[in-house]
Amino acid sequence: MNKKMIVYILGKMMGVEGLLLLIPALVSLIYHEKSVISFLIVAAILLVIYMVFGRKLPASKQIYGKEGFVIVGLAWILWSAFGALPFVISGSIPYYIDALFETISGFTTTGSTILVDIEALPMGISFWRSFTHWIGGMGVLVFVMMITSLDDENAMPLMRAEVPGPEADKLVPKARHTARLLYGMYFVLTAAEVVFLLFGGMNLYDALLHAFSTAGTGGFSNRAASVSFYDSAYIDGVITVFMILFGINFNLYFFILLKDWKSILKNEELWAYLGIVGVSIAIITGNILKIYGTVAHAFRYASFQVGSIITTTGFATADYDQWPELSKSILLALMFVGACAGSTGGGIKVSRLLILCKSARKELQLYLHPNAVKKIKMDDKAIPHEVVRATNMFLFVYIMIFVISLLIISLDNLDMVSNFTAIAATLNNIGPGLGAVGPTGNFNTYSYISKGVMIFDMLAGRLEVFPLLLLFKRDTWRKF
């Protein structure tokens, strides 16, 4: 375990977060808000930490997979721990555990909130709240790799530990260049959405916040009524399209740049993802037609909510808790499906579900033909046994965390629907659930113990379980 290198990278990351806090500080300054002081205080603390721990490169620079997982887990915890301080210092969220819940919800792009009056937040604080979505969407380590000089030998273990999905591959030979390429595409899509929202009548501030939340598939809005505040079919349509786009594996956008249409067209995960979206929209549109009167209106609300839930964004334009049971059941299922691997979305991921379905089909065939030799394939390529094993283990640990979390928060004596969807919403990084935590509710009704459980779940969901769990394993810290 190269502890000195771990401390060095974490120190550098604290410095980056300190610089990022200057952006909402500038927003507070523009709007003449006292909250500017809270950002400057935390930024100063973080920059001191950087000066002490993040400047001198250790003699031994090499890190491996174990160090990568530890750095990723600690980095997300530390960024959230310090990122919560402006909320507390400014008085916007008086209690630290609540501020930590809100900040982790932001960085993990969950979008669950404990806030009752969102519109009462200062402009700078609200900006920071949504900006955490944009930073966390592609990954805080990927962001730091993009703007710092981490060597490529160390960069790839970090990317593999942080990028969501069964596999994380380089798009180009150098991992740091891959990070820059990913964020370049991420930035272009975000900027495009801002422009489209401006054309729809949003002011620049609102357009930026909603684009940040869409890009990170987080769902924080500066409006209490979320996107429904604007009551605009155009804005609903723009955000729907971009939510679905951000739920696609970013590798495919790289293939577009290369004009490699063959790789795109044969991508099974993409077609499964789009198929699930299309079928879900069609069924829900028919199911809620009586509520909205016309096919156009029903399609507008169904497509927005399907896009919001499957990409784990969490925006709302309707109180879907009042929809028929079939529609709510479909949305509940989509909470677990999630978006594509390599996207900014959460959930189990479409690729994992495809692997599990193919594994189940293979087992059935082996019952009929015990001596048959058949490999599981994706996109005409054999899936390594290690990936199949990791997928199965992920699902097992995921279910265990879900069940234990559900049992603990049930001590608060809220109804089963609220509890079940609260864990589904936090572990899958979605945001709202049903019942007390539905689109018109929040998570403030839960005790601090339950909030602590859901804080763990949000981090576990975003880091895909194992990087976080490894922090609690004794062997992780043992020298070999």
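**Figure 1. Helix H22 and its buried residues.** In this predicted model, the buried residues of H22 are Ser450, Lys451, Val453, Met454, Ile455, Asp457, Met458, Leu459, Ala460, Gly461 and Arg462. That makes 11 of the 15 residues of H22 buried, so the helix is largely enclosed by the rest of the structure. Helix H22 covers residues 448–462, and from its first C-alpha to its last it reaches 21 Å, close to the 21 Å expected at 1.5 Å a residue. Follow the chain past H22 and you will meet Glu464, whose phi is positive, near 60°.

Figure 2. How far apart are the end C-alpha atoms of helix H3? They are 26 Å apart, which agrees with the 26 Å that its 18 residues (36–53) should span at 1.5 Å a residue. Look for Val36, Ser38, Phe39, Val42, Ala43 and Leu46, which are buried in H3. Seen down the axis of H3, the buried residues fall within an arc of 155°, so they line one face of the helix. The face turned away from that buried side carries Val48 and Val52, which are exposed.

Figure 3. Ser28 belongs to helix H2, which runs through residues 22–30. Is Ser28 buried or exposed? Its relative accessibility is 0%, so Ser28 counts as buried. Setting aside neighbours within four places in sequence, you can find Ser28 in contact with Glu33, Ser35, Val36, Phe39 and Gly124.

Figure 4. How many aromatic pairs does a search of the whole structure find? There are 30 of them. In one, the rings of Phe131 and Trp134 have their centres 6.2 Å apart and their planes at 10°, so this pair is stacked; planes under 30 degrees apart count as stacked. Phe131 and Trp134 are 3 residues apart in helix H7 (residues 123–138), which means that about one helical turn separates them. Both Phe131 and Trp134 are buried. For another pair, turn to Phe242 and Phe246: their ring centres are 6.5 Å apart and their planes are at 35°, so they are tilted. Phe242 and Phe246 both sit in helix H12 (residues 233–246), 4 residues apart, about one turn of the helix. Phe242 is buried, with a relative accessible area of 6%, and Phe246 is buried too, with a value of 0%.

**Figure 5. Arginines over aromatic rings.** Here, Arg129 lies over the face of Phe220, at 3.8 Å from the ring centre. Elsewhere, Arg352 lies over the face of Phe394, at 3.8 Å from the ring centre.

**Figure 6. Phe250 in the largest nonpolar core.** Which residues have the most contacts inside the largest nonpolar core? They are Trp79, Phe250, Tyr273 and Phe443, in a core of 139 residues. This view picks out Phe250, which touches Met138, Leu182, Met185, Tyr186, Leu189, Gly342, Ser343 and Thr344, not counting residues up to four places away in sequence. As background, in soluble globular proteins, nonpolar side chains tend to be buried together.

**Figure 7. Two loop residues with positive phi.** Lys349 is found in the loop between helix H18 (325–337) and helix H19 (350–368). Its phi is near 95°, a positive value in a residue other than glycine. Lys349 is buried, with a relative accessible area of 1%. Asp380 lies in the loop between strand E1 (377–378) and strand E2 (381–382). Phi of Asp380 is also positive, near 65°, again in a residue other than glycine. Is Asp380 buried or exposed? At 64% relative accessibility, Asp380 counts as exposed.

Figure 8. Where will you find Tyr183? Look in helix H10, which covers residues 175–199. With 2% relative accessibility, Tyr183 counts as buried. From Tyr183 to Thr285 there are 102 residues in sequence and 35 Å in space, C-alpha to C-alpha.

How values were computed. Residues are numbered from 1 along each chain as its sequence is written. This is a predicted model: local features need pLDDT of at least 70, side-chain atom pairs count only at pLDDT 80 or more; totals for chains, interfaces and linings use all residues. Side-chain values use heavy atoms; hydrogens and water are left out. Rings of Phe, Tyr and Trp (its six-membered ring) pair if their centres lie within 6.5 Å; planes under 30 degrees apart count as stacked, over 60 as edge-to-face and the rest as tilted. Buried means under 20% relative accessible area, exposed over 50%, partly exposed in between (1.4 Å probe, protein chains only). A charge sits over a ring if NZ of Lys or CZ of Arg is within 6 Å of the ring centre and within 35 degrees of the ring normal. A nonpolar core is a set of buried Ala, Val, Leu, Ile, Met, Phe, Trp, Tyr and Cys residues joined through side-chain atoms within 4.5 Å. Contact means heavy atoms within 4.5 Å. The expected span of a helix is 1.5 Å times one less than its number of residues. The arc is that of the directions from the helix axis to the C-beta atoms.
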